[in-house]
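Have the sequence and the 3D view open as you read.

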Amino acid sequence: MQKSLVAEFLGTFWLVFGGCGSAVLAAAYPELGIGFVGVAFAFGLTVLTMAYAVGGISGGHFNPAVSLGLTVAGRFPAARLVPYIVVQIVGAIAAAALLYLIASGKAGFELAANGYGDHSPGGYSLLSALLIEVLLTMFFLIIILGSTSSRVPAGFAPLAIGLGLTLIHLVSIPVTNTSVNPARSTGQALFVGGWALQQLWLFWIAPLAGGALGGLVWKFLDDAD
């Protein structure tokens with residue numbers, strides 16, 4: 001259990017530092033910025049790399065919504081759910097803190113956070129944010145559960161999961177800056193403060209609801225797995 005928790009801490013740290021770091025440090029870099037597409041791939045690559053690195057130790061959740069969805073689907077013991085969520089949050093906060101220290105080394109730096117309304121990159125409403133976060137998290141769980149099923153070739157799940165997260169970001173960065181992960185949202189919101197903390201509730205409720213729905217859908221589709 002101890003090794004699993006350390007693995008979850010490291011995986012979540014890497015997801016937040018790599019994904020959010022790409023958005024804060026590299027997305028709008030003059031002339032050579034990686035843009036939305038680069039940020040989307042950065043998030044996908046963080047999950048892909050750490051799923052291969054430590055997924056065999058902890059299962060490679062790195063996300064409270066994933067842990068909940070796997071629990072609902074009967075793939076993860078409920079007794080481990082709270083400890084996993086706690087270390088995921090701690091890992092996300094640690095990554096956000098280090099990213100803050102690095103970014104603050106440049107005058108006029110700005111941190112990113114998940115938001116809706118005036119704080120949505122595209123000005124999307126609370127309802128739009130709620131719907132897309134629930135829907136995309138649900139499909140993320142279906143991808144995870146399906147690709148790790150005993151009915152598909154072993155060893156390729158991290159590729160499907162990483163590319164799935166990339167697609168999710170390509171779709172939803174303009175709407176919410178993409179959460180589908182309450183730990184990731186919490187880490188950034190703590191350092192942005194103000195409006196980000198006020199809107200954080202949505203980025204817990206929607207991904208957790210989507211994760212649970214994804215677990216239920218997969219349980220219906222493949223209850224013999």
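Here is a short tour, starting with the ground rules.

## Ground rules

This is a predicted model, where local features need pLDDT of at least 70, side-chain atom pairs count only at pLDDT 80 or more, and totals for chains, interfaces and linings use all residues. Residues are numbered from 1 along each chain as its sequence is written, and side-chain values use heavy atoms, with hydrogens and water left out.

Find helix α3 (residues 64–72) and helix α5 (residues 126–147): their axes come within 10 Å and cross at roughly 60°. That makes α3 oblique to α5 (angles under 35 degrees count as roughly parallel, over 145 as roughly antiparallel, 65 to 115 as roughly perpendicular and the rest as oblique). Helices here are DSSP runs (H or I) of at least four residues, numbered from the N terminus. Axes are lines fitted to C-alpha atoms over the stretch in contact, and angles run from 0 to 180 degrees between N-to-C directions.

Where do they touch? A65, V66, G69 and L70 in α3 meet T137, F140, L141, I144 and L145 in α5, with contact meaning heavy atoms within 4.5 Å. The residues of this contact split into 7 nonpolar, 2 polar and no charged. Ala, Val, Leu, Ile, Met, Phe, Trp, Tyr, Cys and Pro count as nonpolar, Asp, Glu, Lys and Arg as charged, and the others, Gly among them, as polar.

## A pocket lining

Now for the lining of the largest pocket: α1 gives the largest share, 5 residues. That lining divides into 21 nonpolar, 4 polar and 3 charged residues.

Methods:
Helix = DSSP H or I, 4+ residues; strand = E, 2+ residues; numbered from the N terminus.
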